[in-house]
Amino acid sequence: MSMDAIRTEALTKHYSVGFWRPRPYLALEGLTLAVGQGEVFGFLGPNGAGKTTTLKLLMQLIYPTSGTAQILGAPVGSTDVKRRIGYLPENPYFYDHLTAEELLEYFASLFGYGAAERRQRASRLLDEVGIGPERRLQLRKFSKGMLQRVGIAQALINDPEVVFFDEPMSGLDPLGRREIRQLILRLRDRGCTVFFSSHVLSDAEALCSRVAIVARGRLVASGPLSEILAFQVHGWELVMSHVPVTVLECALKDGRVLKALPLGPDRYALDLPLGTPPERLLADLTSAGAELVSLNPLRETLEDYFVRQVAGAKSARGLEEGLE
Amino acid sequence: MSSIRTIGTVAVNVFRESVRDKVLYNLVAFAVLLMAASYLIGQLTAGQDIKIIKDLGLAAIATFGLMIAVFIGIGLVWKEVERRSIYSLLSKPLSRAEFILGKYCGLGLTLAVNVAVMVVAWYVVLAYMATTVPPDVRAGWTTPATDLGMLRAVGLILVELMLVTAIALFFSTFSSPFLSAGFTLGLWVVGHFNADLKNFESVVDSRAAAWFAHGLYYVLPNFSAFDIKQQVVYAQAVPAGYLATTALYGGVYIALLLTASVAVFSRRDFK
């Protein structure tokens, strides 16, 4: 059995807030998670859910109150682990006085690469993230989007086995988002594990094999995206042309069709309930002269699922706090 | 990659950051100008001109070096944390101890180069002075204008500045630049009067106050020990043993402060 790329066990972080009367603030509570090698894993949640806290714990920028975390089978924070990972922080900021090229070469030198290799890696990665001749400008002159691209490049300077992106699409224009999506897919194809936090669900839907959703510091759902969404089939969408109006009215009346949306002359999109198999209605309509265009299960979008899970977590937490 | 190489890599980046900082250039330019001006001030005094230039030169090196040590030292760690550049850096194969030591060595390198620039400017002014005065005046000097023995004072100034840097770095691992500057300059001032704390019982009646002052004497660094400016200007003997012991004393303090900095920094959460 292959080892997990990332594993956390009951990872918890509490902060103390307030100067005179410090109170504990729960940033993350009992996060248990496993991410397999080669996965693109989406770590989703609203603002303040605990996503960045989790990433900082994995990078050992903060220490856990309790629980453990491992990357590639070794405790987080060890130099050996750091050699094999990459990290893009949220809204990255780098040294003003360095150029993009110098920054990447500086970071490459921390991995012990020789001068020629440092130059070659920096140049290749800046090409890959779309930084052109401006790579010779000091970073103080870079826009937010350009800094984000440099941030992504520095995270990949060592060809990492596991890469952590905290809000990788932040500050990017639509073209930039598309390029970074393609980059993440290329990383996946190379066998790199990508763990990224985001509150942009379309990115997760397009890229992830599995997701976890956190809200208010707690894991509220996790699993393969296909399973999460497949479980949530709530009906069928049947699109037909040349639909006889009388048959349609009859189906609407007896509840076999919940809603009929006209798409053009004699052409309808019909919402069917989950409980009734669509084959009988399809047979009735085709025998009355209608033609099948498409039949699809109606699934909840990731956004619907996300909103439901996060709302559930908020009400559960509110209830808990009320009981306390 | 060895720790020494990692520390060196961080140090070179600190040095590069410092030399690209306009504030540093302004400080060094001002110090060099002051040394040049000391030549004019020397002209106003009768017979003491060379001593004035020597005095002012050493004072300028010590003062501007102190400003560089404090004002760059207090921002070294704070700036990285505040601007969050430390997030990317610490995710690389670099321990927090290597980060602190690299920062310290980088500023040490910056200080050494700047002190060297100031010393060269100082000796140029002194050499020029030597060529412009009549031989009979020169014959009255106890030591040559460009007496290399004065470098002993520069050496101890450099050790003192490295100690100030270690203090600034220590405070910057957990407090804001404003507080760090206050603490560092406060310690520097108190450290120059440290010798008085040892004999505090002769001034106060309270035994507790005397004990407290005695305790402070051993805890606080004695900065006056590094000041041999008068001795070198007046060509008085400074035993090699004294130089070595004082440098060792500074080295031990620096080591203790760096250990404390690493201990504090290693436990810190970057929220």
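Is A:Thr8 buried or exposed? This residue belongs to strand S1 (residues 6-17) of chain A. A:Thr8 counts as buried because it has 25 C-beta neighbours inside 10 Å, and a residue is classed as buried when 20 or more other C-beta atoms lie within that distance. When its neighbours within four places in sequence are left aside, A:Thr8 is in contact with A:Leu31, A:Thr32, A:Leu33, A:Gly67 and A:Ala69. A:Ala69 is 61 residues away from A:Thr8 along the chain, yet their C-alpha atoms are separated by 4.3 Å.

### The six-stranded sheet of chain A

Another open sheet of chain A is formed by six strands in the order S6-S7-S8-S3-S9-S10, and its pairing is mixed. Strand S6 (85-88) and strand S10 (218-224) of chain A are its edge strands, each pairing on one side only. From one strand to the next, the twist averages 15°. Strand S3 (residues 40-44) and strand S9 (residues 210-215) of chain A pair in the parallel sense over four bridges; A:Gly42 stands opposite A:Val211 in S9(A).

Which strands does helix H1 of chain A lie across? Helix H1 (residues 51-58) of chain A lies across S3, strand S7 (162-166), strand S8 (193-198) and S9 of chain A, and runs at about 145° to S7(A). Helix H5 (residues 144-155) of chain A also packs on the sheet, where it touches S6 and S7 of chain A; the direction of H5(A) makes about 165° with that of S6(A).

### Antiparallel pairings compared

Strand S11 (residues 233-241) of chain A pairs with strand S14 (residues 291-299) of chain A and with strand S13 (residues 267-273) of chain A.

| Strands paired | Number of bridges | Residues standing opposite |
|---|---|---|
| S11(A) and S14(A) | eight bridges | A:Leu238 and A:Leu295 |
| S11(A) and S13(A) | six bridges | A:Trp236 and A:Leu272 |

In soluble globular proteins, nonpolar side chains tend to be buried together. The largest nonpolar core here has 145 residues, of which A:Leu104, A:Val163, A:Val194 and B:Ile61 touch the most other members. Helix H7 (residues 151-172) of chain B gives the most to this core, with 16 residues. A second, separate core of 12 residues includes A:Leu248, A:Leu270, A:Leu272 and A:Leu285.

Beyond its neighbours within four places in sequence, A:Val163 is in contact with several residues, among them A:Ile85, A:Gly86, A:Leu187 and A:Val194.

### Chain B and its contact with chain A

How many residues of chain B are in contact with chain A? There are 21 of them, in contact with 23 residues of chain A. On this side of chain B, helix H1 (3-19) and helix H4 (85-90) are the elements that give two or more residues. H1(B) provides the largest share, five residues. By type, the residues of this side comprise six nonpolar, seven polar and eight charged.

### Confidence of the prediction

The predictor gives the complex an ipTM of 0.85 and a pTM of 0.83. Chain B has a mean pLDDT of 86, with 96% of its residues reaching 70 or more. Within chain B, confidence is lowest in helix H2 (residues 22-43), at a mean of 72, and highest in helix H12 (residues 240-266), at 95.

Technical notes:
Residues are numbered from 1 along each chain as its sequence is written. Chains are lettered from A and ligands numbered from 1 in the order in which they are written. This is a predicted model: local features need pLDDT of at least 70, side-chain atom pairs count only at pLDDT 80 or more; totals for chains, interfaces and linings use all residues. Two strands pair if DSSP finds at least two bridges between them. Axes are lines fitted to C-alpha atoms, for helices over the stretch in contact, and angles run from 0 to 180 degrees between N-to-C directions. Two residues are in contact if their C-beta atoms, placed from the backbone, lie within 7 Å. A nonpolar core is a set of buried Ala, Val, Leu, Ile, Met, Phe, Trp, Tyr and Cys residues joined through C-beta atoms within 7 Å. pLDDT is the predictor's confidence in each residue, from 0 to 100. Ala, Val, Leu, Ile, Met, Phe, Trp, Tyr, Cys and Pro count as nonpolar, Asp, Glu, Lys and Arg as charged, and the others, Gly among them, as polar.
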